[in-house]
Amino acid sequence: MPIPGPTLTARIQPNATAPELIRNFCIIAHIDHGKSTLADRMLQLTGVVEARAMRAQYLDRMDIERERGITIKSQAVRMPWELDGTPHALNMIDTPGHVDFTYEVSRSLAACEGAVLLVDAAQGIEAQTLANLYLAMENDLEIIPVLNKIDLPAAQPEKYAEELANLVGGDPDDVLKVSGKTGAGVEALLDRIVERVPAPVGDADAPARAMIFDSVYDTYRGVVTYVRVVDGNLNPRERITMMSTRASHELLEIGVISPEPNPTKGLGVGEVGYLITGVKDVRQSKVGDTVTNLAKPATDALGGYSDPKPMVFSGLYPVDGSDYPDLRDALDKLKLNDAALNYEPETSVALGFGFRVGFLGLLHLEIVRERLEREFNLDLISTAPNVIYDVTLEDGTEVKVTNPSEFPGGKIKEVREPVVKATILTPSEFVGTVMGLCNERRGVQLGMDYLSEDRVELRYTLPLAEIVFDFFDQLKSRTRGYASLDYEPSGEQTADLVKVDILLQGEQVDAFSAIVHREKAYDYGVLMTGKLKEIIPRQQFEVPIQAAIGARVIARETIRAMRKDVLAKCYGGDISRKRKLLEKQKEGKKRMKNIGSVEVPKDAFIAALSSDSAPAKDKKK
Amino acid sequence: MPALPPGVPVPDDGALPAWVRPAAHVSDRPFGVYVHVPFCSVRCGYCDFNTYTAAELGGGANQAAYAGTALREVTLAGRVLADAGRAPAAVSTVFFGGGTPTMLPAHDLARVLDGVRDTWGLADGAEVTTEANPDSVTPESLRVLADAGFTRVSFGMQSAVPHVLATLERTHDPARIPDVVRWARDAGLDVSLDLIYGTPGESLADWRTSVEAALATGVDHVSAYALVVEPGTKMAAQVRRGEVTLPDEDDQAAKYELADDLLTAAGLRWYEVSNWSRPGHECRHNVGYWRGHDWWGVGPGAHSYVSADDDGAHPAGVRWWNVKHPRAYATRLEAGQSPGAGRELLTAAEAHLERVMLGVRLREGLDLGVLTPSGRTSVAGLVARGLLDGPAAVGAGDRPARAVLTRRGRLLADAVVRDLTS
């Protein structure tokens, strides 16, 4: 009897459920390991969505979204489940899946007492899943190891059960085997969640404390905030306070998602749901912050809150300079839904007016760029991503560098760069290859473990700048796609870093300046000068392209002078055509950027910035 | 073949815009007549001109009827120019081009020339040129032309190297060139040879062979053109499919410079970017285009140009072009209509760009006084970069300052024009 009858259901109404009947859990899984299919199956089995209406229901939900104008991602779905005659309310909390959002992941995990570790029985665990697993273990979550897709012919449940048992401790027989596709084993999994995941503990009489684990901007409702109540309770129409900002708001609506938003009379200890206060900017409802009651405030905030810190920077410029105000407006709008996004105007000699934008990581950069281009119809040039450098000058002055072209030229005592702890999972046949790559990228090995006979976990400290360049692409291509990577910030280190400038006919092209390790400066210089030689059209005069550290030239190419630019024939019938051609060429000249007297097509900047030096396409989610 | 430019319609009677008025200073300027002959025996793979083989045409558009059709347009032209008060005192130059004009019997060409003479008269010493394929002339046909008043013949030699001619799909025997040149000179005709450089597979040595072969005939005029692969031609398709590879601009520049060296050493000096002659043997008809003189183009797809007084209140000139297909062309004229397909009324800015673009191609160069103030500021830089001749740009005594291309400047003439009109 998975679905409790009416009598039992009465015991698990929102705002009236005893904490011991609540189970809060999340699913940790790699992108294609079947998390959504399993989640859908759970929604069916618990009767939250009827099996035969699954598809239609999904569409209905889209309609409701339109009618009510509220975007409900299933951040937290409440599901009933009965075991041995006792009803339970299960809250399934979604976790963002990417390394860029580790902080958000940690807050989602902090809202749970247990985690389902879901692994594809044909592929085994991936580095990023492993990283989230470690995070869950650090948060003392109860881990329920599960192998999915056991219906696949390629599944090797025994092998990977052993791998999982090694990781979480316990017996391989304890690893549940399910198929989200057929539904096999999913009831047993729900039972296991009720049995193993601890019930939340909190003080119902204490001042209210609820942790924000997600907040989403909705065009019609404003910010929708997802919370987990730890102590006390929250009720509609009372005034609440955000403990980090001290800002107070009226609770216009409070409720649970099951699977549509359901306004309730409140939320009590251990419960998970949403709040709407009418604020318009997610910055007023920060992930990790503690919500309390204005009239009866808590004295101590829940731990673990921190401000999102940008790790990667890139210059974003409109291809058409007149789009600059549109870009500014678009960033202002995106900011409403992205607390981690920050930006400042900057000017580039080569690219004109734009913004230096800080991101959590490469995926975040790509998401923002794509949204700007798709949702706001902007054509953008982005400079090669870089990290923050802390520079100490000989006179003791400290400088923070977020744009390589601003790297100080004077006497430098020390440069510090951010480093990360990286975890790489690879089939054992590629261990040598991966170690070689990490060594090339200035990695320091921290450890190595065999997860199973043919799978190895490698741990390295790596400069973030190296990862930001093209590490992930290289890792994938050198291991035929089998290796996976995860990393987390791990402080900074001093390093022998220099700024390499690129000069066209002696004029510095700021967009191409880069901060690189001294030993790699030459390679970068050769790469960029070679690339620019290919893409800058020949001019009426010879154009030297140089790479230089300070005044010292380390690489040089020459664009030979153009030798022929004339139409051989120009008689009576050719004149109109020829004139129009010249008019077009003159028009094209306007789309050129002048670097000194060298005319460079804007496309050339885009081409030079987009190929090898572009952000490593991070396919992980 | 190139598409006709977009334009505004030409009235059925072909009348010029009302603002084209009699003007004292234009009546004594040279006036040219161009006659397009749209026939060839075969169509060459690189050619994008408006031309047809006999098999492609029939009815009233055929070769036999063509002279009569062209004469109808000459008559119309006489009326239109007279109505606008712009009938020339006499025609200074006539040029038969194609196609292959010599696909028509010599007496047909003579009939059209007679029509021009009857309509406006030929000036004393008028230049009358026809293009010719070395295959399609005989000593006799050349003598008929000379007797009819032709003074000049321009042969499409293209190359002296068999594999180059084969790539260009030219059917003539290169050994015939010295003969046809001699026949023409014996008939009293001035002779020019056309050459093409930069054909796929042509080496620098091949090109030298061709230029030297042309000079060995003793001609007084040579035109040398870089091969341009126009979209829509057979050769463009071959390039696209990777069957032939085009030479790069460095190769073309080297060949231009070689030709300039050889021709200059033989006493032919450049007078336009692609033309060399002994002094006094320049093609005056073509010089008329580059100096911006008026001309009437007869035949399908032919362009015409009549300038207007530059009073700022009206367009600076009118250029029009005929329908392209010979059958449509014949049908219009038979119905008493102008064959004009469209025309453009040149703004002052357009006329200025044309004046600079055409004038700077000539050895005599362009009076700097013609340039806009901002165009004039780029002269110094062009001299500094070696594209314009320094002394000419300064001027001296009664010689006004002029923009005259250096040899490097000739190869970069379009870039120079963009700078001078910036």
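How many bridges join strand E7 of chain A to E8(A), and do these strands run parallel or antiparallel? In this predicted model, strand E7, covering residues 142-148 of chain A, is joined to E8(A) by 2 bridges, and the two strands run parallel. One bridge can be picked out by name: A:Val146 has A:Leu176 of E8(A) as its bridge partner. Helix H6 of chain A, residues 157-168, packs on the sheet here and touches strand E6 (114-120), E7 and E8 of chain A. The direction of H6 makes about 165° with that of E7(A).

Stepping back to the whole sheet, its 6 strands follow the order E4-E5-E3-E6-E7-E8 in chain A. The sheet is open, and its pairing is mixed. Strand E4 (76-83) and strand E8 (176-177) of chain A each have a single partner strand and stand at the edges, so one side of each is left without a neighbour in the sheet.

A helical residue of chain A comes next. A:Ser106 belongs to helix H4, which spans residues 102-110 of chain A. With 20 other C-beta atoms within 10 Å, A:Ser106 is buried, because 20 or more such neighbours is the criterion for that class. When neighbours within four places in sequence are left aside, the contacts of A:Ser106 are with A:Leu135 and A:Gly304.

In chain B, attention turns to helix H11, made up of residues 326-334, whose buried residues are B:Pro326, B:Tyr329, B:Ala330, B:Arg332 and B:Leu333. Viewed down the axis of H11(B), these buried residues fall within an arc of 160°, so they line one face of the helix. The elements of chain B that cover them include strand E3 (52-53), helix H2 (63-83) and strand E13 (317-322). After H11(B) comes B:Gly336, with a positive phi near 80°.

Definitions and conventions. Residues are numbered from 1 along each chain as its sequence is written. Chains are lettered from A and ligands numbered from 1 in the order in which they are written. This is a predicted model: local features need pLDDT of at least 70, side-chain atom pairs count only at pLDDT 80 or more; totals for chains, interfaces and linings use all residues. A residue is buried if 20 or more other C-beta atoms lie within 10 Å of its own, exposed if 12 or fewer, and partly exposed in between; C-beta atoms are placed from the backbone. Helices (H or I, at least four residues) and strands (E, at least two) are DSSP runs, numbered from the N terminus. The arc is that of the directions from the helix axis to the C-beta atoms. Two residues are in contact if their C-beta atoms, placed from the backbone, lie within 7 Å. Two strands pair if DSSP finds at least two bridges between them. Axes are lines fitted to C-alpha atoms, for helices over the stretch in contact, and angles run from 0 to 180 degrees between N-to-C directions.
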